[in-house]
Structure formats: structure tokens, C-alpha cells
Amino acid sequence: METFAANLLNGLSWGMLLFLISVGLTTVFGVLGVLNFAHGSFFMLGAYLCMQIMHIVPSFWVGIIVGPLLVGGLGVVIEKMLLRKIYDRDISFQLLLTFAILLFLDDSVRLIWGPGYHVVEAPAILAGTIPFFDHTYPIYRLFLVVIGPLIGLALWSFFHFTRWGKVVRAAAVDREMAEGVGIRVPLLFTAVFAFGSWLAALGGALAAPHQSLAPAMGERIIIESFIVVVIGGMGSFPGAFAGALLLGLLDSFGTAFAGRAQMALPFILLAVVLLFRPQGFFGRET
Amino acid sequence: MTNSAKILRNNGFLFFLLFAILAAAPFILPIYWLIILTEIIIMGFFAMSFNLLFGFTGLLSFGQAGFFGVGAYCTALLIQNGIESLTLILSAGILGALLAALIIGFLCVKRDEIYFSMITLGFGMMLYTIAHNWIGVTGGSDGLPLCTIPAIKLMGWEVSLYDPRWMYLFSLSVISLGVLLLWRLTRSPFGLILTAVRENKERLAFVGANVRWVRLTSFTIAGGLAGLAGGLFALFNCMATPDFMHWSFSSRPVLMTVMGGSGIFFGPAFGAAIFFILEQLITNVTENWMIFLGAFLIPIVIFFPRGILGTIVELVKRRRES
Amino acid sequence: MRRQAALLTLILCLAVFFTVSQAHAEKPVKLGFVYIMSGPFAAYGQFAKKGAELAVDEINKAGGIMGRPVKAYFEDSTGKPDAALRALRKLVYQEQVDCLIGLDSSGVAKSVAPSIPQLKTPLIITHAATPDVTGSVCNKYIFRISLNLAQNVKTAALLAAQTKAKTWTTVGPDYAFGHQSWEYFEKYLKEINPEAKFLPKDQVAFPPFKTTDFSSYITKVMQSKPDGVLISLWGGNLIDFVRQGSDMGFFNGDFEVLVTLGAATEVLSALKDKMPEGLWVGSRYWFLANQSPLNKAFVKNYHDRYNEYPSYNAHGSYGAIMAYKAAAEKAKSCGKDAVISALEGLTIELPVGKITIRAEDHQAVTDACWGKTAADPAYPIRVLKPMKIFKGKDITPAVADTGCKM
């Protein structure tokens, strides 16, 4: 029982982090049609900036609000100066460009903050543990389990009840149509990319108290987020949620039951979904 | 003279020139640059095999390193078991990769575009996991270090592949055969069908071609040639390791092909050359090569929409026409 | 016509470039270093570089090696075997170095080992711990100055035998290093204490290298209710594991914990007071272990220069250069074969203590230090109190057991 509950919580908290990262990735793909390799670098920047801000203002909450906003600003610059120029190109060019951005950002982080490991403290209120069967469980992980769906709900309301959200959804479904009905697409693209970067950075800032910071830390997470996006359905918001949860749970239960094959599980899942339901769980028929 | 004959004659001359320059390299270049050139032609050939799928068939594979790695492992396993015939060793690499590509391709070629990229990524990483975890056969994460590699034996004449010059000439001759094969293939009726699949697969299906079969053939050949490149790479580095199968290794041919130009036959190899030379020049100057490589790649992507070689060829053509 | 002219210019440019890059001065003794300089493990390369630069400056200030100045060349292995081999080849063929020093990753070291004889240049390994490079794939050209996996794990087994723990399990990275650590631990502890029990391979934890969330592994190990745990995680993995494990009660004292690379300064300085007290931790070099004047001077010079305490990787590159100098002076030559012969059987005092490089397998016989983590107001990081020093001869496996055939 304890094993099951622990694995469930472990999987959920990891899944929630994956969700935050993937939802930005999937929205950017849905609207801009760009699969952003540098998304993991925004995740990394979010964590580093949160740490940097905490050195200036010793508050995790300030860090988690200001840090991702700065990354969102960087997203604006990158979209306007670089991505915009290659929307009409093949997807391979987009991968190459975002890969170049990834190289640039990863090395910049190493130059600015040094190559060593850094650690970010959780805020005092979330730092402790609570009793959990015979052992204890960290509050911060529970916080992740709770905050994930909350952010998800906020995003969902945004997409469904605000004008901007509806515009984004419409553009994700059909870009030409959106243009046709008079949506200012360039502005929309900038906003969506900035939004995606902000979400990735928010994921990074939330992950910071829970994993060590090192250059290129985003590269580890990017492939898993790709998998989430694909199995959930490219561009699908509920898909990202379901995919992230599934991958998180697979990770934790796989550790307990699959032994060394656990390493291949996400890729097996990816292949199986693509073979039998290529549009993903929530994707539209293509 | 018809236009196509002209192109062919021009190309024939260029091919010969290129081959002559490459064959002369061991007598001109310092050893280290010869080693880099060996790496360039092997990786360039790998990228060209990838481009059979990407440039000619329109399928962006993200798991090509899987077949490269299968080739490397088959080669390495045969060497470890004392087989000394290089023909046999490299054929095993090709065959192993062909077989793996046939099975995986059978499942993958149903999918298009990004879905194809992702499913090949998935299968490539499964191959990686096998190499990483099947310790008894593949040596696990350490891979297979090759303590001896066979010598070239030809009619009583024997030279060691440990000599970088012979390693280079051997790779060059094997790769030239591979390149000729690729060239013939892309100019054959089959090559035209490939291009047609890329341009408009619905129409091709309509006129009765089996699109899936065409794609599968292309996928399998590309896999087999990647296996050849992998086998050579194993000989060149005296090792086969799981790193050769990782997705980050699969991204190399993508990078090189896009950089060089996927629309030009030698584009990917050109991209490989640019990539390695650039890396060497940058690491000579600075330790922070990643930031400079990134900064250099960005304008390439933006200002060379057909890759560097592709854009140059385009410019030359346009000037000639005007 | 224009194209031919362009082609000619290109060839000319290349020719000029190659002649320039070929030009080199004969005088200085050239040492080539290959470490991880980029990516997530760049910290290790930086430590090694700091140690190397300190050593080079010290030697050059004192008149060089037999009057010749020392020049250092650094290359990035990126942690990948093919890139590392390219870097090694570059140093030998292009920079024409007299000796190669470096290698962080065990997998990389093992993969490139068979190629070193082709380069005909000695390689002194300073970090990679795989027993195989001085074992199954050893050769005349490869030396190792640092503590290897077998020595470190033997020390862990000696410590484990002194505890009351009966049933042991492990948490290690899912690659050869983690698996070998566990196999050697099992072997050595069984020799000392036949009573000891070890959980089977499917019940121990081998998280993949890219893991950042260890909670499910922590749960798995705690559920198996062991008496003792051998942890062979390192770097960022270890930091994440320790923090997440502390929160989940892993270090509450329900079982003995031995951390084979827990006394690494990059881990301790990232964790600071988050490192639990009372864990047995080891390292290849601990800056407070040796009270010799040589070590005190090394720690002081290093701290004065970089404002941090020397990590084991800094000591490794520093030690390798000092050993090279000693060997060259012993041989009275910087010739590669002369240095190789002189390195065989060389005894030299390094900051870590007196080491001897065995002629038979080229592994340094060196002391190991383990200790319990403890707070000390004099230091910003956890230090080791009490410390236990194990003599090199007690922890180094016999040559016959290494499988090395030169």
C-alpha cells in the first residue's frame, strides 16, 4: 500500500512538472507549427533566474514570478528576431535554428553562472515533510501535485473563457482561418511563443528546489516533453495533461516493476501510440 | 545537347575532380587533418544516406543513428570474434543494419512528417536501450573497445589500418563505392519515383504505385548505408559504443544535411565538412565552442534557405542564366 | 574561369592555413589535457584545468622540467568517446604533445584505451575510475594516478565489515560504473565477511543517468528494508538524491549509508548544510586528509588562487603533472618511451600522500580516505570527522586479479 501510494505521488509530482513544460511546447507547436528544441533551455533559464533573483531578494516567490517573466521577454526577442524569419520553411530548419539557440543559451548559462552545481532552497512554508505511513513525504512534492492541476485549470479557463485564449485556440486549429477572420497573426505568434517560454521557465523555477541546477539541464527533459506532446496529440492542451501524467506514472511505477527496461518505456509508449493512434490521445484526425 | 546530358557531363567532371582531390589528400594534408577528413567523409556519407530518406523521399528520420550503431556493433562483434576479412566485416554491418531498417521501416513508413520523425526517434532510442542494457553482447554502456583491427590484405600485399593514411584511403574507396551506388540509385527510375513520393504521394498512389513499398525500400537502403558508415566509424575509432545510437547522434546528419543543402547530391557531405572544420577552428580559438557554434548556425539557417551548398549552386545557376 | 580562380584561391588559403597551424616551436615540454569542458559535467573539466594550471605555473616558476618550460594544451572531450579520441589525436598529431593527461568518464576511457598505443604517447588517467583500463584493456601507454573503482569500493567493503549491517543494497547510476561498484562491493565484502547478504539485482536501484527525480528509487530502496546501502551516484545525481532522500527520511539512520563519492567538494559545496551528518563518504582525494607540508602548501596555494578547496579532480591533474615531471627527471629525458619506463614503478610524494605506480598494471597504489560527514564552523562545507585513512597496499587488488596483460 505504501509503495503504491508513494509511487502514485512520485509519478504525479513528476508528471505535473512535465505537464507545465509540455503544455508550452504543444501550444507553440499548435499555433506556430514550430517544434522548439530550445524549450528545455527556457526551462533551465527559469531555474537559474529564479536562483539569481533569490540572491538579490531572498524570496522564492519573487523568483518564481519575476524569473519566468524575464524568460518570457527573451521569448519575445527570439520570436521577433529569429523564428519569424523561418515560419515558411521546412520543419528541419526550425529544428536546426532552435538547436542553435539551445547551444547558445546552454553555453551562456555556463559562462554566466559557472559550470558547477547549484541548489535552490524551497520556501520555508513548503520545506518540511509530513508523516507518510511509516516514513515521511516532502511537502514540496505535494505542493507540485497540487499546483500542477491548479495552473492547468487556470490555463484551461484562460483558453476557454477569455478572448485571447479563444483566439489562440482558434489559431491552433486553423491558422489560415484565424488570419482570415482578422486576427493579427504576427502579434499572436509573438505572444504565444512568449507564453510558451514563460511556462517552460515557470516549470524550471518550480523544479529548482527539487533538482540541482547545472548547465544543459534542459536537454534531459526536452525529449520527454516531445513524447508527451506527441502521445497527447500535437497542439492539444488536455493531451499534454494526460500524456504528462501517463509518462510520470510510467516513470515511477516502471522503476518499481520494470527493472532496467524502464529506460525504454517512454519510447515504447511513443512508438505504440504512433502505430495505433498516430494523432495522439486528444489529437484531431489528420 | 540536351540540358540533362550537359548536367551529367558537368557533374561527371566535378565528380572526378572531387575524387582526385580527395585521393591526393594523404600526400598533402598533415596527419591530424587527414584524420578529420576521414571523419568528414564517413559522417558525410552517413548524412548522404540519411538524405536519401530526407531529401529524396521527404521523410525526416530522427533515428538514423540506430542503424549507424547496428552497423558499428555488427562490425565490432565480428572483429572481436576474430574475423579478419574486411569485406565480410563491413558486409555484416550493412546486412545487420538492412535487417533492422527493414523491420523498423515496415512499422514507420506508414507515418508522415513529424509523426514519422517521432516514431523513428522512438525506435532509434529503443535500439540505444538494447545496446546500453544487453551487457553480455554489446558490452553495455562501455560498448566494445576493439583492441585489434584487421589489416587490408590484397593479393599478398598487407597494410595496417592503424596508419591514418591507409585508414583514410580505405574509407575513401569504400565510401566512393557507396556514393556511386547512391548516385545511380537517385538517377534511376526508382529515384524518380522517390522524388515523386516526396512531391505528391496521393497522385502517385493514384497512378498505381505502392507508396509504402517505395518508402520502405528507400528506408531500408538508407539504413543499410548508414550501417556501412557505422562499420567504418567503428574501424576508424576502434570502438562501438551506445553513444553512436543516441538521439543526439541522430541529430548530426540532420544538422549536416540542412547546413549543406538537402536538395544537392553532395550537400550533406558538404555540410559535414563545414561542421567539422568549423568545430576545429572554433575549438582552436576558444573553449566556449558551443556558444560560437550556436551563434554561427543561426545566420546559416536564416540566410541560406537551401543550405550553404544549395544556396551557392542556386546563385551560380541564376547568374549563368542571366 | 571565375570558378576556377575561386577554387584556386580556396586551395591556396587552405594550404596557408595548414602550414601556419603546423608551425610549432620545439622548446617547451608539451602536455595535453582532455577533460569534459562543456555540457552538464563541465565542472569536472574546470577543476582539472585549475589544478593543471597551478601545477604548470609552480613548475615554470621553479625553472621548468630540466630547464624546459611546460606548456599546457586543453581539449574538450564533451564526455563522448568519439570526441575524446578526436581530441587525443589532435593533441598528439597536431600539437605534438609529449604526454596526455585526463579523461573523466569511465566509459570514454575504456573505449579509447585500445587506440592509445597507436598514438605512441603515454596517457595518465586522473579521474576515470573503471578498473578495466588498468585491467582487461590495459596497455603499455596507459597509467592511472588516481584511486580506481576497485580500490575505492574495497575501502567501502572494509568499512562495511566494521558495521553491524548484514543485508546490503545499492543505489548507483545505470551504467558500467554503478554496476561494477556493486559487483566489486559484493565480491570484496563477501571475502571479509561471508555472513553478509546482498539483495538481488532486480531489487537494488540503478536509476538511469538522466534521472532528476529519484523519489521512486528512494521509495524502492526504503521498502526493501536493508541494513546498509552503498551509494555510487556522483555529481548532480548525488546532489539530487541526497536532497530528495533527506526529505523522504532516507538518512534518518534506519540503515548504514556508504557514499563512494560523497566527499567530492563540488557535491559538498552545492549541498552545504543540506548534506546530512554522519554518513560515511569517500573520495579520490580529501583536502584535509593528509597533514604533510606538501598537502598543506597545495591546499593553501589552491585556495589563495581560486578561493575554493581543491577537488579530487584538481588534485588528479596536479598530481599527474608532478608525476610526469618526476618521471622525466628520473629518465633524464622527455622522450616518450623513456618517460613510460620511468613512470613504471615510480614512487612520488603527492599532496594525497606517497604513491607508487605499479609496473605491472600501471595503477597507482595510493591511500584512500573515508570519513563521516560533520559540520565544522571553520569550513563552509561539511567536513569529514572522524576520518579513516586506508593504506594503498591494503586496498589495491593484486596484479593477478586485475586481468591486466601488458
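Two strands count as paired if DSSP finds at least two bridges between them, and strands themselves are DSSP runs (E, at least two residues), just as helices are runs of H or I with at least four residues, numbered from the N terminus. This is a predicted model, in which local features need pLDDT of at least 70, side-chain atom pairs count only at pLDDT 80 or more, and totals for chains, interfaces and linings use all residues. Residues are numbered from 1 along each chain as its sequence is written, while chains are lettered from A in the order in which they are written.

**Sheet in chain C**
- C:Leu350 stands opposite C:Gly353, which lies in S12(C).
- Strand S12 (residues 353-357) of chain C is joined to S11(C) by 4 bridges, and the two run antiparallel.
- The open sheet has 3 strands in the order S11-S12-S13 (chain C), with antiparallel pairing, and its edge strands, S11 (347-350) and S13 (364-365) of chain C, each pair on one side only.

**Helix packing in chain A**
- Helix H11 (residues 237-257) of chain A packs against helix H12 (residues 265-276) of chain A at an angle of about 135 degrees, with the axes 10 Å apart; axes are lines fitted to C-alpha atoms over the stretch in contact, and angles run from 0 to 180 degrees between N-to-C directions.
- In the contact (heavy atoms within 4.5 Å), A:Leu246, A:Leu247, A:Leu250 and A:Gly254 of H11(A) meet A:Leu265, A:Pro266 and A:Leu269 of H12(A).

**Chain B overall**
- Chain B contains 14 helices and 4 strands.
- The C-alpha trace of chain B spans about 55 × 50 × 45 Å along its principal axes.

Methods
Side-chain values use heavy atoms; hydrogens and water are left out.
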